[in-house]
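Please walk me through this structure, one region at a time.

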4 protein chains.
Amino acid sequence: MGVFGIFAGEKTNVASSVYYGLYALQHRGQESAGIVVNDDGVFTSYNDSGIVNDVFTKDRLEGLGQGNMAIGHVRYGTLGTKGRINAEPIVINHVKGKLAIATAGGIVNASELKRELELQGMIFHTTNAAEVVSYVITKERISSSSIEEAVVRSMERIDGGFCMLLMSPQKMIAVRDKHGFHPICYGQRESGEYVIASESCALDSVGATFIRELDPGEIIVFSSKGIESIRDHCGKARESLCVFEYIYTARPDSTISGLSVHEARARAGALLAAAHPVEADVVVGVPDSGLDAAIGYANASGIPYGIGLIKNKYIGRTFIAPGQDVREDKVKIKLNPVRSTLNGKRVVLVDDSIVRGTTCAKLVGLLKNAGAVEVHIRSSAPPFLNPCYYGTDIDSKESLIACNHTIEEIRQMTGADSIGFLRLEDLSKLGVGSSSRGFCTACFDGIYPTKPPVIYKNKYDTKISENKK
Amino acid sequence: MGVFGIFAGEKTNVASSVYYGLYALQHRGQESAGIVVNDDGVFTSYNDSGIVNDVFTKDRLEGLGQGNMAIGHVRYGTLGTKGRINAEPIVINHVKGKLAIATAGGIVNASELKRELELQGMIFHTTNAAEVVSYVITKERISSSSIEEAVVRSMERIDGGFCMLLMSPQKMIAVRDKHGFHPICYGQRESGEYVIASESCALDSVGATFIRELDPGEIIVFSSKGIESIRDHCGKARESLCVFEYIYTARPDSTISGLSVHEARARAGALLAAAHPVEADVVVGVPDSGLDAAIGYANASGIPYGIGLIKNKYIGRTFIAPGQDVREDKVKIKLNPVRSTLNGKRVVLVDDSIVRGTTCAKLVGLLKNAGAVEVHIRSSAPPFLNPCYYGTDIDSKESLIACNHTIEEIRQMTGADSIGFLRLEDLSKLGVGSSSRGFCTACFDGIYPTKPPVIYKNKYDTKISENKK
Amino acid sequence: MGVFGIFAGEKTNVASSVYYGLYALQHRGQESAGIVVNDDGVFTSYNDSGIVNDVFTKDRLEGLGQGNMAIGHVRYGTLGTKGRINAEPIVINHVKGKLAIATAGGIVNASELKRELELQGMIFHTTNAAEVVSYVITKERISSSSIEEAVVRSMERIDGGFCMLLMSPQKMIAVRDKHGFHPICYGQRESGEYVIASESCALDSVGATFIRELDPGEIIVFSSKGIESIRDHCGKARESLCVFEYIYTARPDSTISGLSVHEARARAGALLAAAHPVEADVVVGVPDSGLDAAIGYANASGIPYGIGLIKNKYIGRTFIAPGQDVREDKVKIKLNPVRSTLNGKRVVLVDDSIVRGTTCAKLVGLLKNAGAVEVHIRSSAPPFLNPCYYGTDIDSKESLIACNHTIEEIRQMTGADSIGFLRLEDLSKLGVGSSSRGFCTACFDGIYPTKPPVIYKNKYDTKISENKK
Amino acid sequence: MGVFGIFAGEKTNVASSVYYGLYALQHRGQESAGIVVNDDGVFTSYNDSGIVNDVFTKDRLEGLGQGNMAIGHVRYGTLGTKGRINAEPIVINHVKGKLAIATAGGIVNASELKRELELQGMIFHTTNAAEVVSYVITKERISSSSIEEAVVRSMERIDGGFCMLLMSPQKMIAVRDKHGFHPICYGQRESGEYVIASESCALDSVGATFIRELDPGEIIVFSSKGIESIRDHCGKARESLCVFEYIYTARPDSTISGLSVHEARARAGALLAAAHPVEADVVVGVPDSGLDAAIGYANASGIPYGIGLIKNKYIGRTFIAPGQDVREDKVKIKLNPVRSTLNGKRVVLVDDSIVRGTTCAKLVGLLKNAGAVEVHIRSSAPPFLNPCYYGTDIDSKESLIACNHTIEEIRQMTGADSIGFLRLEDLSKLGVGSSSRGFCTACFDGIYPTKPPVIYKNKYDTKISENKK
């Protein structure tokens, strides 16, 4: 999930800037998108299921009008938080004003907080954590002298790995959890507007110059008085940047904690080449997120890099996949092999990760049909073994191939001639030169930086349905 | 506003029935529409701005699936409750289950209740009263042993003129306020399903036989155990049926409190003829809601009834009215005079009510251009002088022509040769034969059956905006 | 079908005026709509299936831009000319320029002409007659010195009952066939623009003053030089105005050949009362087109007029009629009886015509269920016995109830207590005072003013399909 | 432009296969898309502006129904052939049946043929060449004993660089011009259906096995009798395969004339490295079509290949580019530099071609802002100097930077440190091993394989307008 905000001194076309920003963050979530414009206390919003391009037609974007600040959100779909109803930012009215909230990440005690609030008679319209957070902040707001005081006090109650962007009538507030799980940074345009975004590539997209990332546990308040930073309000915690941000989530042209994502991926490829060398004729990456590591593997191993798979760039969410009875396979529609690269070759196929193994098996088949004599799979992530509670969409244990199978079994199931995963101990080497950085690697090693969530189920909780059309 | 519900014993196409029911109630509100289907505790819903036909495409209706019960709602647009966000039914999840709520009418103490709840930290996502009610019921539900107990206890706290339709996982509950402001009735189909609707014409539309109206203050619970009626829980009150339901709101083919709406309107026309006779050649009604009274006037006066205005039946919400600089007038687009009926004639023009007077003035102009030598306006409602707090969309005092002008001034402003309003004392005669019925006539005489609302404004309350597109 | 055009001296918002005009002519066809704007020789057009409101969204109407003239068309759906592809006006490019054509009515020798053209290698993209006409005119245009000369010469080859509106880069040309089957008139706005329309109500809708109708066989050319009338080019013919224009097609607020349509219908009701008197308590019309005759019947017979059926005014083309297995009947959805008008009464039910008899039978059932003790059907048209070749959408003989059943059988099939049709000899009395008018009454008496069509079938002609969605 | 067809022996879901095929050919045209399904002589079609995904919603695709054969088309937008009206395949009815036609390429004598036909009275509804072809074939069809005879005779009259796919009620006919400008091939599925496509990648997408390409001048007829090949009907011509198919148009995973497109591009990169060597630190390709040549350049030069630009994969036709006053640049939205690849480096930037030079200049700026110390542009095509008449969308001379500027001027205008184009003489070396192949290189060297077109302008031809919305 991704957040983007702009704080301009005066009334201007802030919605348009948020549109560009969300567009650059689209890879962080394609389930829903939303924008709230604040025109001196008047909030105008539009949210819906779909990608930014589909949700914001020209009319709808213009309908948001102008304002002096605005925030936006993109969500990816996890079970239970899909649909238009869960789209963020959410906007609420409380006795002292209004609040717009956009969150990215996971609140581990959301279920506990929700149960506590429900027992006080609070009502929930959505199944997302943002609504829980909005209640916590609103309750604190009643007895606080300012919105930032309410936010600071709320942070003592909320635990997890998350970033937030809040907008009151007069202020914009950016929040990063004390563990620093997910990136959030801000910058400034030449014209003076402050811009806040989940990734630096979104600052680039609106012509803003990167200033710095928020520190873990930092709260920054943008207001007409300027920028105020609040730290150390919720105690220290070991820094736990989600390593999967480098491996998969973030865009290669972003920089997180001073380390280029592309560079980190290329380094993963190099480490993979060292750990799992093989005699081969060509290194091929799975587009798009396996390409960086493939180049790293090629450079480190000396095996030539090649383009072995072409991705149909027109595939989108609206692809309707008709007539599946005729067995046209979606992987085959999306990726087509380049026979001249593969024919008669021993191929190293680099992908970013192996979750269920089904896509991998199909790719091995495609490559062999195109003449590859050997296919050696290299995964630039270690095997997934544990669920993530911090907002990364990793499948349940049941469907994680590595939970139920040995490496050799996986190799056989995919039909590969050899298979190699990035070693756990190599994860800490991704960021050479920024080595003090602590990573959260719970999905690989099960070491969670927070206590795990307690899930309360209401009687009819399992019976949630979306309009299917 | 209108509500419609169906309680079927088994899983069937309940959404389709609600669609037909809402369609028959469309005249009660064109701002938004919504349906919630309950399939044994799984709630599937779809709401949006627009009329039933626009909101429920074939795909969206099918997307609701089948269920054993369902409720629906149509809303008309009042200032402050417009937009998709305020569409009902609303669906909430609470600690003991789920609740879908659809309301019709006005809660006079909604603002007081909302303030009280906000001070406890409750958050409001909408500006409609249904959300306030949902909080009141949910708070009671926590300490109640059943949903109906929570509803009964809530009714002690909620005052106003309203009907409600609620749906819990296992039950459907219909509620009418103790004053009985607005109609709500139920019936049954031959196949056994119970059907609840704001007006009897909606029962007709799904082939259900009318059983009876709810009494003022009555709560009826439909469940697998059958029908249970709860009365006398909130004290007695003087019966105060909104007289405007007969004059304007309801459809002429509905029957309310045993009196045909068409009959009541025709009688208003007859009373008008007695109170404001005139020598004329033809009586013409303003389509559609002035036609019944025009026939009553014609029959009572002996002046022939004629068709003097043709309404373009294709006009709809999506009519875009382009090029208004060219002065094509919307009244002229909607209504065109029939010259052969009017030319050289002295015309009695019967309308249901005169609010701002602007439409009336345009119609007088149209008729005179078509050759009418005299135009005598007769309004089948008395002059509007007071705001309504019970869900009838009457303009503020500032724009009510009768608040600021004498009858003679109104006549001059409309260009009519004479003007006559239904007399206040004649209102009680609309229902001859059902004379015990007490009416609320507050909009005409200022006598309110409840205490008036106290409005609490939050700091940014006046700054609410909808996406304009 | 209906045509509408505006010829303005200078560049202005002509598309908007055509929109209003088509909107007023919507009753003449709901299958498709189209507008072509001519901006000094640049033609911009948009056509699609659907009613005017649906086809012309704000964006699409604005997309047509401004121009110095424009024409538009509404089509009703006959078998074989449905779908977007057949929408008019059609626009063609020929060697001497461009031509936009909109037609209303029927070309009896279209099939002969088409065959002849096809044998010369001409290609047809549509199944409508406008394309045939466009070929005839284009062929003549090559050897003519002006577009009007080409049109005049073409009229010698085209036979039938039709009006046309043509637009060349510099001129607008209105054409009425020599028999004068269908109405077409023109008027002028105060601002000077000429307006041409199928019916006078469309002139009203754009604030134009009626000047006169085209005479049968007249061609009028609007150009920068003013108005030029061309007559007597194709020989004289007996005047044959389609009597069904008065009975059903035209709007009651239009005037054709100096006779008000409303007046003609009321007179049909009076003639019906004289021919088929009955003892009854109330006269009820079937909305909307039976109401005028019902008033005529009531006034002539002395039986009171009443509102006995309420039409749901929100019904539209997009009504999806879900769950028809549940037997919610479309007639019942559309029309609901007013019990207070009907209960215990002997009812005269006046409809404009009886085609298949199925609707009539349902209405008799509805009225009797609402308490009517007797129902006497009166049809303001004689029985349909013959197909129409001149653009009126009358069913094939197979489905015309009167072709296969006696009057008494029809009475029994509908369940009515008596039934009466307008007498053939009374048709000529509809226009008392304009009695020289000759009517085409072929659908009733089989006397066709032209020779009948010869239909040529191509090998695959019966295999035409539209995309069903 | 691209064509795709499927000939199945029996009624099946052919529309779905065409959808997949067009989807794989989407890169050949994004302006419009269309499919015609032939169900034993019943043609059902749908065409519209937009990409395949947008035009063919689930409903529209299902609406095409099943059939025993189908053809489809994607068009790119050239001036004068844009808009829904020009979408192909076109379907015509003629006296001996029906014909659906889809064309790809350019007919050089289209204007001459059109003028000749217009002088015979033929009418043109579109501005595309397919309609001209349809007339030529239809005229021949009248005096031919079969559709293939008509096609063969028509080919004597039509000159240019084109492929066509035609469908009569019983047959499918694929045509390639005698020069063999553009590719077209066919294959077969295991289930027996024949599949015809502009590129081999589309055969892959539906699981068909490549059989062979059509030879220049070959016509293949698919019918219930099997496959019939017709050759040598229109004389021999020098083979002139469009070299731009390798450089830009085709997908890298396609194979044309036995040569892999990816391979040809990589070879262009290698030839470029030999002709224009430079000392540099990294070779970067412009996504997507510059990547293959960049790898070729890197491998040949020994300079490492790197990912220097990330393309936003969500950009689509509907990207609305709001607020351009704020100067968010579309190139910057689409492509973002990877600083870690570029910073402090001497960069070779490989693009497929340089047309106007404006994108190049922006990219050089982006790279330098990201820290590149030198940027050396290498274009894998020679400079464009001449218009193309064979269906490749090359700008007019006025906007071709190479027509008006020296190489050194171009270098200065783009801000590059050096610039190098593929040498004309190297074009013939792209296909080493398939060296007999003759290329059309007219856009580079002005040597046209056919006589040039003669353009006839009708009086109002320059005044063509599309509805802008």
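**Strands around E10 of chain B**

In E10(B), Ala197(B) is the bridge partner of Cys185(B). This is a predicted model, in which local features need pLDDT of at least 70 and side-chain atom pairs count only at pLDDT 80 or more, while totals for chains, interfaces and linings use all residues. Residues are numbered from 1 along each chain as its sequence is written, and chains are lettered from A and ligands numbered from 1 in the order in which they are written.

Strand E9 (residues 185-188) of chain B pairs with E10(B) in the antiparallel sense, over four bridges. Two strands pair if DSSP finds at least two bridges between them. Strands (E, at least two residues) and helices (H or I, at least four) are DSSP runs, numbered from the N terminus. The hairpin of E9(B) and E10(B) has five residues between the strands. There, Gly192(B) takes a positive phi near 105°.

E10(B) has another partner to look at. Strand E1 (residues 2-12) of chain B pairs with E10(B) in the antiparallel sense over four bridges. Gly5(B) stands opposite Ile196(B).

Now follow the side chains of strand E10 (residues 194-197) of chain B. Tyr194(B) and Ile196(B) point one way, and Val195(B) and Ala197(B) point the other way. All are buried. A residue is buried if 20 or more other C-beta atoms, placed from the backbone, lie within 10 Å of its own; 12 or fewer make it exposed, and values in between partly exposed.

Chain B also holds an open sheet of five strands, in the order E18-E17-E21-E22-E23, with parallel pairing. Its edge strands are E18 (305-306) and E23 (418-421), and each pairs on one side only. Strand E17 (residues 282-285) of chain B pairs with E18(B) in the parallel sense over two bridges. Val283(B) stands opposite Tyr305(B) in E18(B).

Next come the helices. Two packed helices are described by the angle between their axes and the distance between the axes. Helix H5 (residues 129-142) and helix H6 (residues 147-155) of chain B pack at an angle of about 125°, with their axes 8 Å apart. Axes are lines fitted to C-alpha atoms, for helices over the stretch in contact, and angles run from 0 to 180 degrees between N-to-C directions. H5(B) and H6(B) are therefore oblique to each other. Under 35 degrees counts as roughly parallel, over 145 as roughly antiparallel, 65 to 115 as roughly perpendicular, and the rest as oblique. Val136(B), Ile137(B), Glu140(B) and Arg141(B) in H5(B) meet residues of H6(B), including Ile147(B) and Ala150(B).

In chain C, the axes of helix H4 (residues 110-118) and helix H5 (residues 129-142) come within 10 Å and cross at roughly 55°. That makes H4(C) oblique to H5(C).

Finally, the chains meet. The contact of chain D with chain A takes 53 residues from chain D and 53 residues from chain A. Residues are in contact if their C-beta atoms, placed from the backbone, lie within 7 Å. Helix H1 (residues 14-24) of chain D gives the most to chain D's side, with six residues. Chain B and chain A give 40 residues each to their contact.

Definitions and conventions. Two residues are in contact if their C-beta atoms, placed from the backbone, lie within 7 Å.
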